[in-house]
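Here are my notes on the model, point by point. Please read them with the structure open.

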Amino acid sequence: MASISGFPEFLPQGRMVETRALKILSSVFELHGFANIQTRAVEPVEELSRKGEITKEVYAVRRIHAGADDTDDFGLHFDLTVPFARYVLDNAGHLNFPFRRYQIQPAWRGERPQEGRYREFWQADIDIVGLNELSFHHDIEVVLVMLEACQRLEEELGIPPVLMRINNRKLIQGFYTGLGITDPMAVIQIIDKLPKIGVRGVTQMLAELGTDGDVIDKILTFASIESRTDFAREVGALGITNEMVEQGILELETLLAAVIGRFPDNVVVDAKIARGLDYYTGSVFELELVGNESLGTICAGGRYDSLATDGKTTYPGVGISFGVSRVFAPLISKSKLVASRCVPSVILIAVDSDDQRAQADEVAAALRSRGICCEVSPNSAKYGKQIRFADRRGIPYVWFGTLQGQVKDIRTGDQEDADATSWTPPSEDARPQIIQG
């Protein structure tokens, strides 16, 4: 059967890399008190379409035998934020606010597959949602938690370091409003395309909106601001000030100071960061892999004050999403990250003869009861063949005999007496290691 592009599948050694990454992310999120949830794969299309222009990327879901009058109109979720907003509304009476959740699931988008962009992909999200209000310090918190997670991935799996680019929608919207722009959101969505279509493309799109040349120049000058220290002065030099601009600068300065205190080399203010989705209302952030900028944004998020509301109560939130597949699928497919063996087993239990398989199973049970991953040889071939079987699978040890038997390190040839109720492999062998190719 022909493969379908955009739906990554890995061999076991690659999947081990991915699952190790998911475990690292989960452990960091849980250290900070985020509870895990899972939402359904489908949502009503009208719910998914609340993001505007991205609706064309939604995969529709329909039963093969649905009749012409079938009213089901579902789509696969293309991110985890919209389903989460619906989840909060559905379960608000059972949640304690501020509600802290992490969610690691696949999502689907019908876009053209390319490196780092897939039709099916895994995301890892954290969000904090309040009841009618949410303190700004949570904006800082989700940023620091995600940067800590990225640091762990760098230390334990060897991914490149990240650079976080931060901005604030209040600053952006206030600046564009101060320029006399009547539809700031339209300009925000155009500026969000700047890294993809460049200055010429953005200039053309702004001109098509009827924007004057002088205003376009100021927009582009503003969008070019990139600084760790002087961004407020550079914004002020453009002569646009109002309450939203001032509030945006204050929030951005507060966020920047907090992040620099922990991760001084991993953050910069970048005024062209806009996040084109219309529900963001404050802080916005995007992360890229240093030296791998061609992958684009690998992690992004921001503050949203009205995404979830039932008309009476509003649930403001802030969140950030890490693109697991965007980061790891290229590294795995190019064998830049691989597991040291293709199975979790650290030891193979040799079988002396078919009528003694129960004896080997007893040894395996004793090892497994202490959390040691093992498997029993599939046959009772000569020991040499069983050892070669273990070697092909990357299993470093072979057990011979009963509970009081012998264990052989097939890499060195060393063999010693061992007790299955107490033997433990060295820590570096207990689980497959992730190796940089």
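1. Start with a cut-off: a residue counts as buried when its relative accessible area is under 20%. Y280 has 9% relative accessibility, so Y280 is buried. Y279 is buried too, with a relative accessible area of 8%. Keep in mind throughout that this is a predicted model.

2. Aromatic pairs. The structure holds eleven of them. In one, the ring centres of Y176 and F222 lie 6.0 Å apart and the planes meet at 75°, so this pair is edge-to-face. The pair links distant parts of the chain: Y176 belongs to helix α5 (residues 169–178) and F222 to helix α8 (residues 213–223), 46 residues apart. Both Y176 and F222 are buried. The rings of Y279 and Y280 have centres 4.7 Å apart and planes at 55°, so that pair is tilted.

3. Around F222. Together with F175 and Y176, F222 forms one aromatic cluster. Beyond its neighbours within four places in sequence, F222 contacts L171, I172, F175, Y176, V235, L238 and A271.

4. The core. Which residues have the most contacts inside the largest nonpolar core? They are F29, Y176, F222, F322 and F328, in a core of 82 residues. Helix α4 (residues 137–157) gives the most to this core, with eleven residues. In soluble globular proteins, nonpolar side chains tend to be buried together.

5. The five-stranded sheet. This sheet is open, with mixed pairing and the order β15-β14-β16-β17-β18. β15 (374–376) and β18 (415–419) are the edges; each has a single partner strand, so one side of each lacks a neighbour in the sheet. From one strand to the next, the twist averages 30°. β14 (residues 347–349) pairs with β15 in the parallel sense, over three bridges. There, I347 stands opposite C374 in β15.

6. Helices on that sheet. Helix α12 (residues 357–368) packs on the sheet and touches β14, β15 and β16 (397–401). Its direction makes about 175° with that of β15. Helix α13 (residues 383–393) lies across β14, β15, β16 and β17 (404–409), at about 150° to β16.

7. The three-stranded sheet. This one is open and antiparallel, in the order β2-β4-β3. β2 (42–44) and β3 (60–61) are the edge strands, each pairing on one side only. β2 and β4 (residues 74–76) share three bridges, and G75 in β4 is the bridge partner of E43.

8. Charges over rings. R15 lies over the face of W122, 5.8 Å from the ring centre. R100 sits over the face of F34, at 4.6 Å from the ring centre.

Technical notes. Residues are numbered from 1 along each chain as its sequence is written. This is a predicted model: local features need pLDDT of at least 70, side-chain atom pairs count only at pLDDT 80 or more; totals for chains, interfaces and linings use all residues. Side-chain values use heavy atoms; hydrogens and water are left out. Two strands pair if DSSP finds at least two bridges between them. Helices (H or I, at least four residues) and strands (E, at least two) are DSSP runs, numbered from the N terminus. Axes are lines fitted to C-alpha atoms, for helices over the stretch in contact, and angles run from 0 to 180 degrees between N-to-C directions. Contact means heavy atoms within 4.5 Å. A nonpolar core is a set of buried Ala, Val, Leu, Ile, Met, Phe, Trp, Tyr and Cys residues joined through side-chain atoms within 4.5 Å. Buried means under 20% relative accessible area, exposed over 50%, partly exposed in between (1.4 Å probe, protein chains only). Rings of Phe, Tyr and Trp (its six-membered ring) pair if their centres lie within 6.5 Å; planes under 30 degrees apart count as stacked, over 60 as edge-to-face and the rest as tilted. A charge sits over a ring if NZ of Lys or CZ of Arg is within 6 Å of the ring centre and within 35 degrees of the ring normal.
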